[in-house]
Amino acid sequence: MSFTKERKQQVLATASAQPSLLQQVGMAGAAAVFTVTFIHPIDVVKTRIQISSEYGALGMSGTTKKIMSSEGVSALWKGVNAAWLRESSYTSLRLGLYEPCKVAFGCTTPETTTFIKKFAAGSAAGALGSIAGNPFDVLKTKMMATEGAVPSITITAKELMASQGIGGFYRGIDSNVARAMVLNGTKMACYDQAKGVVVNTTGLPKSSLLVQFLSAASAGFFMTCTVSPFDMIRTRLMNQPNDAKIYNNAADCFIKIVKNEGPLTLWRGFIPIWSRFAPTTTLQLVIFEQLRGMMGMKAL
């Protein structure tokens, strides 16, 4: 009897134990890698549209057809290995560190958990993740933009190192960190806020799959609105030719795009970006939440 009681207490203690920070980051990384495998073709199309007015004129479907006809179906997964490395570093941190950052910003009770604090926590986690993932982001962008044969990540990295040195892997880091802060701040704050609205409207618990799905889909739209200009600037900076420097920094890139191509160019590729953000955000957050539940953690 005493053995059974002691065993039951051990099981309950194990079930109630909260995962470590490393486990949280690991769960976020697993959700991100799984998601990007399916979403990557949209990212390739979006990148081509952003760097080329020719692809921009073709639109999403036209760009997809051209890539497939001239480079093959596999071209839609160009740079996916770099994307896996990026998600394993960048997204694992920006998702996994959100809750610890919320606590650090004083979100300990419903009264102290404001939208601004949620945004600040998401931004901080996004900045840290972006610094870690920038090298893989540069490689991914270059590989996706390459026309012709599917490039090797090793060869791409060697060429970048030979032509630009270690600094080449951190090209566009200013715009990338700014983008990550706006993206993750919008994503996590809107997701967190939307869950409250959906829960109050439907009466369902936060752990409900429907609540998580609707909240993530809403967050994906608002992310696209705020992040598109940063995404355009980051893509242009990272994809500059090795032998020519078109833009000096993020501010210079912003000014030149607006001056030479018009302000609406900053939102070029809005539909493919939204097409990528909507399923990416939904899958990432829903899978992350389900993994949290399996590990005995409460919903975000």
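The model is predicted. Its mean pLDDT is 86, and 93% of the residues reach 70 or more. The structure holds one cavity of 30 Å³ or more. The largest pocket has about 420 Å³ of space.

**Confidence**
- Among the elements of the chain, helix α10 (residues 250-261) has the highest mean pLDDT, at 92.
- Helix α1 (residues 2-16) has the lowest, at 44.
- Over residues 7-17, pLDDT stays under 50.
- The model has two contacts beyond four places in sequence for residues 7-17.
- Where pLDDT is low, the predicted coordinates should not be read in detail.

**Nonpolar cores**
- In soluble globular proteins, nonpolar side chains tend to be buried together.
- The largest nonpolar core here has 19 residues.
- L95, M188, Y191, L285, F288 and L300 touch the most other members of this core.
- Six helices each supply at least two of the core's residues: α2, α5 (98-104), α6 (115-145), α8, α9 (209-238) and α11.
- Helix α2 gives the largest share, with four residues.
- A second, separate core has nine residues, including V138, M143, A157 and L160.
- Which residues does L285 contact, leaving aside its neighbours within four places in sequence? They are L95, K187, M188, Y191 and A216.

- The largest cavity has a volume of about 100 Å³.
- It is lined by 15 residues, and R94, R276, F277, T280 and Q284 are the closest to its centre.
- Helices α2 (21-51), α4 (80-96), α8 (173-202) and α11 (270-294) give two or more residues each to the lining.
- Helix α11 gives the most to this lining, with five residues.
- The lining of the largest cavity divides into six nonpolar, three polar and six charged residues.

**The largest pocket**
- The largest pocket is lined by 17 residues.
- K102, P110, T113, D192 and K206 lie nearest its centre.
- Helices α5 and α8 each supply at least two residues of this lining.
- The largest share, four residues, comes from α8.
- By class, the lining of the largest pocket has six nonpolar, five polar and six charged residues.

**The second largest pocket**
- This pocket has about 160 Å³ of space.
- Its lining includes Y170, R171, G172, I173 and D174.
- L237, Q240, K245, Y247, N248 and N249 also line the second largest pocket.
- By class, the lining of the second largest pocket has four nonpolar, four polar and three charged residues.

Notes. Residues numbered from 1 in each chain as written. Predicted model: local features only at pLDDT ≥ 70, side-chain atom pairs only at ≥ 80, totals over all residues. Heavy atoms only, no water. pLDDT = per-residue confidence, 0-100. Contact = heavy atoms within 4.5 Å. 1 Å grid on protein atoms, 1.4 Å probe; cavity = no way out; pocket = protein on both sides within 12 Å on 5 of 7 lines; lining within 4 Å. Points joined across faces, edges and corners; volume = space filled by probe spheres on them. Nonpolar A, V, L, I, M, F, W, Y, C, P; charged D, E, K, R; others polar. Core = buried A, V, L, I, M, F, W, Y, C linked by side-chain atoms within 4.5 Å. Buried < 20%, exposed > 50% of the residue type's maximum accessible area, 1.4 Å probe, protein only.
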